[in-house]
Amino acid sequence: MPIELAPDTRIGVSDHLQLEAGDGVATGKTLVVAPGTGGWTVTEDAGALALLAHLDANGPASLTDLYALGDPIARVTHDTVRELFDRGLLELDQRVRGTSATRPAPGLELISPKAAHNSYPVLGIFHVHNWCNLACTYCYTIEEGIPREQLSAEVMCKAVDELVEMPTRFTSFEFHGGEPTMAMPAIREVTAHAQQVYARAGKKVRFSIQTNAYNLSPQVCQFLADNDFSVRVSLDGTPGTHDEFRVDHAGKGSYRGVVRGIRRLQELGIAVHAVCVVHAGTADRIVEMYDSMAALDVASVRFLPVFTTGKAGLEQWLTGDRYLAAYLGVVRHVARLGRSGAPTVPLANLTAGELGSLRSFKREYMCMRNPCGAGVNMITVDTNGDLYPCEEMVGKPEFVIGNLRTETIRDVLDTSPVVRQLRERHVEEIDECAKCTWKQMCHGGCVHKSYTHFKRLDRESEHCSYYKGVYRELIWLDVKEPGSWEALSPSGARR
């Protein structure tokens, strides 16, 4: 319903505003951001800018009093006022729009859209074993000299039985390793069991797998196709960039075997999603890596910066500034291709994460909201039955919240002090985040990566400078080169 404006409607800014003038083809335009709500706009409307500046400096006023100030404020239309409210820049009669993590000033009512945010997990991740047919040089899940251990089908089925009883409408089960396809008998058993119990409960169940796809057998590919698995494949760009780091146990590159597995999956109609790790050795080749993966007709590409855990060291880590420079290179490349009408493959984490945050107050991407999905939307079971709030936390004893062999998932989530700390973490209570223009966009980044880097939960992202730059750059990209966001989005990708 349209918002009714009356002469006595009280209008104020939602937060102290941050302004930035455009340059080049954007000269005359101004970016306005309300850090506390995540609201923003780019405008060249002199009346709107004057209105925002006056309210920011003087506090709330009635519509009558504002119009009495004369031009250019008097020329601001009701539609413009409504739009600035809808964008989270204005508060009207003590109502304000923002994200679910917005903390409005006392007396203000927060109008926040609903998001896919549950109190209990909709994603269960199984680390089915701790070995692999490859020996990637920066692996963060496999440690040398550790005895082999496999998560039994019995324990995984126990997780299925518990998650189906949660007050949620569906569950996704994801299989990780090591290389999970080396434990297919257990995966087959758990998949069949989940399909049965969810059908009886009248709930939906989905399956996914993170695999290196190295020489996948036709039988494995057929099983994944028959059970409608979503498949993500670890693929690091070109034959050269991939083979330098993703090697077998004899030190030989794995690219040809991985592509063989991808082709077998695609022949059965499976959309393969590529996951590509970027590090100091490959950051300057990211556009070439994207083009190589796109040429394989993958359904999406997800670039992830390496983080310092497992076998990876500081010599491979990318600073936020360096990762931003590299990533913006491929973002502009894909946008340029899309605007020209050329086929593109979407950048999955960009469209779900950064662009998703800019387009809506909803925070549906669980890794970029407050609180994040750890212990809220997801639960992970390690090979020995240990429970973790997040898949990336596996292997860190301080994040073990229980063990599925002796405890239930629901009891652990309801009582764990670790889960409580994760759910209570808030950007307004992190020093560097509280003063940041973009805090309602990234929400402090990945808590696990922050902890890995700083050894504390109440710290900003280790790639803070990336987030401080990427939202601004994305906004100005679409202003200066209209159609870029559409070209970057899955709906805008033409294949």
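Reply: Happy to! Helices (H or I, at least four residues) and strands (E, at least two) are DSSP runs, numbered from the N terminus. A cavity is a set of points, on a 1 Å grid over the protein atoms alone, where a 1.4 Å probe fits but cannot get out, and lining residues have an atom within 4 Å of a point. This is a predicted model, where local features need pLDDT of at least 70, side-chain atom pairs count only at pLDDT 80 or more, and totals for chains, interfaces and linings use all residues. Residues are numbered from 1 along each chain as its sequence is written, and side-chain values use heavy atoms, with hydrogens and water left out.

Me: Which helix gives the most to the lining of the largest cavity?

Reply: Residues lining this cavity include Cys433, Trp438 and Tyr467. α14 (431–434), α15 (439–442) and α17 (464–480) each supply at least two lining residues. With three residues, the top contributor is α17.

Me: How many disulfides does a search of the whole structure find?

Reply: A disulfide is a pair of cysteine sulfur atoms within 2.5 Å. The search of the whole structure comes up with zero. For Cys372, the nearest cysteine sulfur is that of Cys390, 6.7 Å away. Cys446 is in no disulfide either, with the sulfur of Cys390 nearest at 6.0 Å. The number of disulfides found is zero.

Me: Is Cys372 buried or exposed?

Reply: Cys372 is among the residues that line the second largest cavity. Buried means under 20% relative accessible area, exposed over 50%, partly exposed in between (1.4 Å probe, protein chains only). At 16%, Cys372 is buried.

Methods
On a 1 Å grid over the protein atoms alone, a cavity is a set of points where a 1.4 Å probe fits but cannot get out, and a pocket is an open set with protein on both sides within 12 Å along at least five of seven lines; lining residues have an atom within 4 Å of a point.
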